[in-house]
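Hi,

Here's the structure I promised to send over.

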Amino acid sequence: MDYRLNVTYITFGGHVEVHKYRYLYFVIMFTVYILIISSNVTIVCIIMIQKNLHEPMYIFIAALLINSVLFSNAIYPKLLIDFLSEKQIISYTACLLQWFLYYWLAASDFFLLSIMAYDRYVSICNPLQYTTIMQKTTVNMFLFSAWILPACQVSVTILVSAKKEICTFHLKGILCNSTVLTLHCVRSRTLNVYGLVNFVIVLLLPVLFILFTYSRILVVSYRCRGVRRRAAQTCLPHLLVLINFSCFTAYDILLARLELDSPKIVRLIMALQVLIYHPLLNPLIYGLKMRIIYDHLKKLFCTTE
């Protein structure tokens with residue numbers, strides 16, 4: 001703690017031999033960061049520019065990719081600075097802000113994936129009512145809810161934690177997530193209960209809803225051969241993203257809540273996978289699996305003879 005400036009600093013202890021491999025870490029993660037930003041922004045721009053992509057499904061995909069950009073910008077700059085610094089520290093205020101952004105955007109992704117599942121359900125199971133249900137007002141309301149509701153939920157935890165006294169100034173990870181709770185002098189039962197409620201609302205219920213909608217789509221696709229290919233082309237990318245994101249989110253929550261005593265190298269590898277796979281796989285999955293987006297990417301990058 002710096003008493004002169006009255007600023008509390010937290011030390012990250014999750015780096016492995018950072019002084020020895022700092023430049024290797026930096027080059028690898030900087031390359032990944034550039035790939036994440038460029039790939040996500042490219043597809044978002046294509047969706048914005050191409051009028052035939054101005055449909056609810058592609059708008060929701062763009063929102064999901066925007067979240068990946070915001071998430072990466074909240075984590076990577078600080079991470080890259082830490083690789084080149086002698087001490088890996090962060091002010092407690094900045095740590096709380098990073099914690100908020102981390103879980104706000106993660107929760108928003110689950111809301112968006114649920115909305116996308118509903119969109120596919122209406123499109124495939126009730127195609128005649130699709131334009132009536134998924135109007136511009138409805139789409140805007142869904143987007144507003146997907147960003148505002150998670151922000152309100154997560155902000156409660158952050159505001160309560162900001163008022164809690166901390167006795168430990170060392171985090172075992174490389175970023176600020178729910179492991180910040182281990183810094184408190186006294187673990188709050190209220191925060192634990194609220195965290196469990198949020199886990200159910202933000203993760204469990206959306207996943208169950210998504211699985212239910214896709215099971216209904218699967219039933220309809222088997223009954224009607226004409227929609228099988230369409231269902232596979234549009235639903236498979238969503239399922240791949242859901243499986244990937246759910247696994248890493250579950251690990252992140254279990255690690256923080258159960259305080260699993262895993263080796264430092266395992267913690268580092270899993271943390272980097274959380275930071276790399278989801279933001280980087282999203283544009284790859286939607287860019288390669290969504291036929292229309294893939295065609296526009298080919299026109300953009302492949303020169304015609």
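This is a predicted model: local features need pLDDT of at least 70, side-chain atom pairs count only at pLDDT 80 or more; totals for chains, interfaces and linings use all residues.

Let's start with the cores. The largest nonpolar core has 46 residues, and the members that touch the most others in it are Tyr76 and Val180. Which elements give two or more residues to this core? They are strand S1 (9-12), H1, helix H2 (56-84), helix H3 (92-125), H5 and helix H8 (264-289). H3 supplies the largest share, with nine residues. There is also a second, separate core of 45 residues, and among its members are Ala63, Ala106, Met116 and Val202. As general background, nonpolar side chains in soluble globular proteins tend to be buried together.

If you want to zoom in on Val180, look for its contacts with Tyr92, Cys95, Leu96, Trp99 and Leu171; neighbours within four places in sequence are left out of that list.

Next, the rings. Searching the whole structure turns up eight aromatic pairs. One of them is Phe26 with Phe30: the ring centres are 5.8 Å apart and the planes are at 5°, so this pair counts as stacked. Both residues are in helix H1 (residues 18-49), and because they are four residues apart there, about one helical turn separates them. Elsewhere, ring pairs join Tyr21, Tyr25 and Phe83 into a cluster.

Now for the two single residues. Gln98 is in helix H3. With a relative accessibility of 5%, Gln98 counts as buried, because the cut-off for that is under 20%. What does Gln98 touch, leaving out residues up to four places away in sequence? Its contacts are Phe12, Ala74, Ile75, Lys78, Leu175 and Cys176.

Cys167 is in the loop between helix H5 (136-162) and strand S3 (170-171). Its relative accessible area is 47%, so Cys167 is partly exposed. Beyond residues up to four places away in sequence, Cys167 touches Leu183, His184 and Cys185.

Cheers

Note on methods
Residues are numbered from 1 along each chain as its sequence is written. Side-chain values use heavy atoms; hydrogens and water are left out. Buried means under 20% relative accessible area, exposed over 50%, partly exposed in between (1.4 Å probe, protein chains only). Contact means heavy atoms within 4.5 Å. Rings of Phe, Tyr and Trp (its six-membered ring) pair if their centres lie within 6.5 Å; planes under 30 degrees apart count as stacked, over 60 as edge-to-face and the rest as tilted. A nonpolar core is a set of buried Ala, Val, Leu, Ile, Met, Phe, Trp, Tyr and Cys residues joined through side-chain atoms within 4.5 Å.
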